[in-house]
Amino acid sequence: MEIYWLLGIPLSGGIFMALWGFRRNAPEINALFSLLTLAVAALLTARIVEEGPMTVGNGWFFIDSFNVFLVTLTAFVAFTTALFSRPYMRIEEEHGRLSAARLRLYHSSYQIFIGMMILALTTNNMGILWVSMEGATLATVLLVSLYRTPASLEAAWKYFILCGVGIALALFGTILLYFAAEKVLGSGGTALLWTQLNGVKTQLEPTVLQLAFVFLLVGYGTKVGLVPLHSWLPDAHAEGPTPVSAVLSGLLLNVALYAVMRSKVLVDGALGNDMAGNLMMGFGLLSVVVAAFLINRQTDVKRMFAYSSIEHMGLITFAFGMGGAVASFAGLLHMTMHSLTKSAIFFTVGHATQKAGTQLMSDIRGLIKTNPTIGWGLMLGTIAILGVPPFGVFASEFLIITTAMHEHPWATPFLLIALGVAFASIFGKVQPMVFGETGLPRLPHMPALTPVFVHLGLVLMLGLFIPPYLATWYRQAAQLLGG
Amino acid sequence: MALNYHLQIVNLLAALLLLISFAMLSQRRVASLVTLFAWQGAALALSTAIVAWSTGQHHLYYSAALTLGLKVIAMPWYFYRLIRKLNVNRVVEPMINIPTTMLIGIVLVIFAFNLALPISQMSGTVMRSTLGIALACVLLAFLMMITRTKAIPQVIGFLAMENGLFFAATSATYGMPLVVELGVALDVLVGVFVLGIFIFQIRETFDSLDLKHMEKLKEK
């Protein structure tokens, strides 16, 4: 039952905001809808933890530990981002960068985007998964170009065309999957249901599934931002409004990777070898290395953190590619940590750039003097994402690297060098932004940084201590991924 | 025997699809490109309907009707309107000259047939041999997207690619389940709508639809 509410709230929220989103209190209503979504997600999670995986609505929806975990994460980050965007977008409006009509578009698309991601996560049908992934892209295209500057339009066009082509390849992969499934399950609506496919995965034609996985990985991988399919990602993150960067980086990339993982489970069953895992490890490792070296060349702060997202998604893809209980556990943990930390960073970066009036790192200086909370938020967030010990990112990266040492020793030097380079580049650039000399006056308005410290607090807590029920939940999910 | 007769027509239409794909590659005028796109949609709808009739797969009728409504009537009409409003029906040169593009296209077709061969041998549908053509259409549309620098031709390339995929689904499996097909059609429709808004935004900001102006965001 919860599942209908879970989908209904954001989608009706989208319609509501399209009609009433120009009102003065629209940001509050937006946050309220997100809060409701979060509440329902929490209810659903409680039920799954208690009763185990279930299918709802004649097998149309399937919820297990793996996707319910992502649903909760999505709903949570969506809510905190809505809280952050409330004052942030108001200030943008006061600065004259946005009008009431565009805020209406923003709020409406925001809700539809969240709804589409939840649909992608909960649907049992691989075809509907494709449809909702494309829906999530379409909902965000106009958000990326919200400021209507030449650069933002270019970024949005690139986003639309590249993700469109990518997702078209994923559609071909889905067609091939259906082609293989139809031989075993017969034609009709049930042959694309993941639970059905999972039941007969050993009988599916291996050659077809092999080809299907390549298309699915390249297709959805474009949205994950895997190198060399990543070129839309830094542009879209840098040119869109900051709340959009936060949800793109913290949520959409995860959902795309979720789609890859669902396919991987099927392909692994059909092939009985490591083809899918090896492909993912290759793409993942390439992304980590290339992104780490590109970080150093960035001058725009949002662009730099976008590259950092590519690096971390690469690391997660690599972990899932290795497979096995520990690596999958680490991958899931890293997904959580990255979502929470990266969205927190984008929140602080948003305030910092709003204040400085530029995204160029060389023009942002001395945040600690002009606004200590923003300064500390950015510093702590950066330390967290770089994997400094007390924070949770350290725990997951440590697990990933030790597993790699154990199972694929050849990959370890690449990973360590890449992480080291990323550390040096990001820290070296953020340090003067926070502690440098500045002549700018203090910020006139209070920044909304509660979400930042809530996120970082969670990351810190998970780094020190993972509550037992949470650990069981992660372990269950890791097992589903072939652990 | 009746089935054979239908099969001949479907094969003919498939060949027509491929021919139109090549014609699109060589077309310099935007409006003519839209016309070709409409014809491609018509060939697709007709072949789907014939397959539906000859094999008794009733859900394919809906797909055929959807293609006819969206890709033959609604979208071309919308594109013609856009072109008239924006007054962009000029001769445009693609990035690579046309004879070279055609040669690359031929290579792509050979590649597509080789890729599709093992799959079509496994397929049980009457029109499995057309899978190669479907894949070739996808790749040719892809090539068209790469070689065009204007916004509308790129979008048409994207839609032509979707046509190819749709044809692939019909030839390999008699089409995807209806719900999925409806969802895909909805996505395409919303996508074209979003693009319409988008094209006006680009026009307003750049005073042109040439994507060459959009090369600021490059890696330094």
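Predicted model: local features only at pLDDT ≥ 70, side-chain atom pairs only at ≥ 80, totals over all residues.
**Entry 1: chain A overall.** I counted secondary structure first. Chain A has 19 helices and 2 strands. Along the principal axes, the C-alpha atoms of chain A fill a box of roughly 70 × 55 × 45 Å. Next I looked up burial. Of the 483 residues in chain A, 62% are buried. I also looked at contact range. Among chain A contacts with a separation of 6 or more, 82% join residues 24 or more positions apart.

**Entry 2: α10 and α13 of chain A.** I picked helix α10 (residues 242–271) and helix α13 (residues 325–356) of chain A. Their axes come within 8 Å and cross at roughly 170°. An angle over 145 degrees counts as roughly antiparallel, so α10(A) and α13(A) are roughly antiparallel to each other. I listed who makes the contact. From α10(A), the residues include A:Thr242, A:Ser249 and A:Asn254. From α13(A), they include A:Met335, A:Lys342 and A:Phe346. I sorted the contact residues by type: 6 are nonpolar, 8 polar and 1 charged.

**Entry 3: the nonpolar core.** I went to the largest nonpolar core, which holds 258 residues. A:Met117, A:Ile175 and B:Ala168 touch the most other members. Helix α6 (residues 150–185) of chain A gives the most to this core, with 23 residues.

I followed B:Ala168 further. Leaving out residues up to four places away in sequence, B:Ala168 touches A:Phe172 and A:Ile175 in chain A. In chain B, B:Ala168 touches B:Leu131, B:Ala134, B:Leu135 and B:Val138.

Conventions. Residues numbered from 1 in each chain as written. Chains lettered and ligands numbered in written order. Helix = DSSP H or I, 4+ residues; strand = E, 2+ residues; numbered from the N terminus. Buried ≥ 20, exposed ≤ 12 C-beta atoms within 10 Å, placed from the backbone. Contact = placed C-beta atoms within 7 Å. Axes fitted to C-alpha atoms, helices over the stretch in contact; angles between N-to-C directions. Parallel < 35°, antiparallel > 145°, perpendicular 65-115°, else oblique. Nonpolar A, V, L, I, M, F, W, Y, C, P; charged D, E, K, R; others polar. Core = buried A, V, L, I, M, F, W, Y, C linked by C-beta atoms within 7 Å.
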